[in-house]
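Please take a moment to look at the structure before we begin with the ligand.

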Amino acid sequence: MENTIVAIATATGESGIGIVRLSGEKSIDIVKNFFKPYDKKEIDEKSNRMMKYGHIYDKDELIDEVMVCFMFAPHTYTRENIVEIFTHGGIVCLKRVLNLCLENGADLAEKGEFTKRAFLNGRLDLSQAEGVIDLIKAKTEFSHKSAINQLEGHLSKKIKEFREELLDILSFVEYSINFTEDMQEELPFDNVILKTEKLMAEMEELLGESNKGKILKDGINVSIIGKPNVGKSSLLNRILRQERAIVTDIAGTTRDLIKEDIELSGIKLNINDTAGIRDTADVVEKIGVQKSIEASENSDLNLVLFDISRELDEEDEKIINLANTTKSIGILNKVDLDKKLNEEKLKEKVNFELIEISALKNEGISKLEQAIIDMFFDGKIEIKDKALITNVRHENSLKSSLEYLKSFYADLKNMVPIDCCEVDLRRAYEVLGEIIGENISENILDNIFSNFCIGK
Ligand code: GDP
């Protein structure tokens with residue numbers, strides 16, 4: 001990796017400052033060509049990690065007044081020489097400085113190339129590198145917390161512990177294979193069986209939490225369903241705390257899905273406000289209704305609305321049938337009006353919790369928030385210093401490793417000759433390594449880093 005890369009590291013647009021970042025052996029020499037420090041002192045290792053004030057010139061033309069930070073290898077993000085030039089945040093300043101770097105021998109960085117170098121040079125493992133992108137993309141309190149957790153290496157540590165345990169078992173198995181060849185008898189495997197059982201349980205536990213992890217990072221897909229006019233759009237507006245969906249008293253106004261990401265108690269809810277589900281002759285509305293049914297079937301959670309001021313009818317029954325087969329919370333809306341709905345009768349028909357609210361008067365919304373947290377996080381969310389699986393790639397590798405381990409265990413129990421069991425054990429070890437980036441193919445790496453922005 002002898003070339004030096006450069007990119008604009010901040011979002012472009014008008015801003016106070018912007019940063020052009022270089023990494024590679026020649027970064028410092030490249031910048032010296034056009035940066036004139038105010039103190040006129042030579043830039044050497046004495047200026048490591050210090051900000052230098054000065055000016056950028058393109059030949060005789062003054063381009064910008066800047067601060068520059070020089071960072072010498074190996075104690076840098078990429079383990080290479082890094083320079084960060086803090087320019088004024090206008091696009092022309094940034095582009096002119098970027099061009100100067102290119103003219104002086106740097107190459108334009110690809111997406112995520114700085115972090116890819118950090119990974120390839122051993123500064124981060126792959127799951128930590130993925131934590132970096134999650135951190136940049138985090139939009140809610142808990143997605144931020146889980147990303148910083150991953151970047152700090154809590155998942156990596158756990159995976160490395162699992163691998164050590166696997167290696168331990170593997171070395172006994174290998175020893176035993178050689179021993180059998182020499183001595184014509186087998187060593188006892190009781191200890192290996194115990195260790196494998198313990199490890200399988202630990203892996204199951206981590207996997208069991210992966211749903212929580214993914215929800216913390218990506219949010220819960222929520223559909224708001226109910227017949228027309230029960231108050232779906234009004235509830236959405238309440239949660240959004242702004243007028244987003246059209247609220248009218250003419251049935252069937254929400255014709256298409258309204259998608260909205262909101263933060264509720266630190267968790268992201270990806271909300272679909274659906275067209276009212278009912279039999280309809282209107283073609284456009286019919287498409288909307290079909291989409292609603294599909295969306296609710298694919299959601300992690302359905303918020304099922306009923307109008308407490310109207311008696312239950314056939315349309316409600318259809319919705320109950322749909323909601324009973326999915327994860328749902330029932331909401332009795334319009335408690336500010338006279339009650340006509342028979343709650344006891346409804347309770348007999350549904351297999352989900354019911355909460356009373358008034359979307360209009362903003363009552364009961366916090367009960368709903370708590371019900372969601374109870375349902376997905378058993379009442380409270382704990383993340384601190386915890387290994388969490390938040391991404392499907394990690395989940396798949398862990399699942400696959402566990403499958404190999406289970407197969408090894410079954411063979412062992414069935415007295416299959418030990419040299420035949422070994423293959424699965426070895427695969428379990430290798431597959432687990434994919435999480436932290438060992439033996440990973442170039443394609444997968446490119447795919448991961450292509451999700452980054454340029455300059456990270
Ligand atoms: P949607 O068709 O299910 O999306 O229902 P809307 O949100 O458009 O609401 C239909 C009508 O019910 C509107 O006139 C709302 O103002 C009214 N509404 C919604 N929630 C409440 C509530 O809690 N109490 C009362 N009294 N009216 C409500």
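The ligand is surrounded by 17 residues, and the closest are N229, K232, S233, S234 and D336; a residue is counted as near if one of its heavy atoms lies within 4 Å. Please note that this is a predicted model, in which local features need pLDDT of at least 70 and side-chain atom pairs count only at pLDDT 80 or more, while totals for chains, interfaces and linings use all residues. Residues are numbered from 1 along each chain as its sequence is written, and side-chain values use heavy atoms, with hydrogens and water left out.

Let us turn to the polar contacts, meaning pairs of N or O atoms within 3.5 Å. A backbone N or O atom of N229 lies 2.8 Å from an oxygen atom of the ligand. In the side chain of S233, an N or O atom is 2.8 Å from an oxygen atom of the ligand. For D336, a polar side-chain atom lies 2.8 Å from a nitrogen atom of the ligand. Of the 580 Å² of accessible area that the ligand has on its own, the protein covers 88%, by the Shrake-Rupley method with a 1.4 Å probe.

Which helix gives the most to the shell around the ligand? It is helix α9, residues 232-240, with 3 residues; helices here are DSSP runs of H or I with at least four residues, and strands are E runs of at least two, numbered from the N terminus. By class, the shell has 6 nonpolar, 7 polar and 4 charged residues. Ala, Val, Leu, Ile, Met, Phe, Trp, Tyr, Cys and Pro count as nonpolar, Asp, Glu, Lys and Arg as charged, and the others, Gly among them, as polar.

I close with two backbone features. N229 lies in the loop between β8 (220-225) and α9, and its phi is near 75°, a positive value in a residue other than glycine. P74 is found in the loop between β5 (61-71) and β6 (82-88), and the peptide bond from A73 to P74 is cis, with omega near 5°. Most residues other than glycine have a negative phi, and most peptide bonds are trans.

Methods
A polar contact is a pair of N or O atoms within 3.5 Å; within protein, one must be able to donate a hydrogen and the other to accept it, and residues adjacent in sequence count only if both atoms are side-chain atoms.
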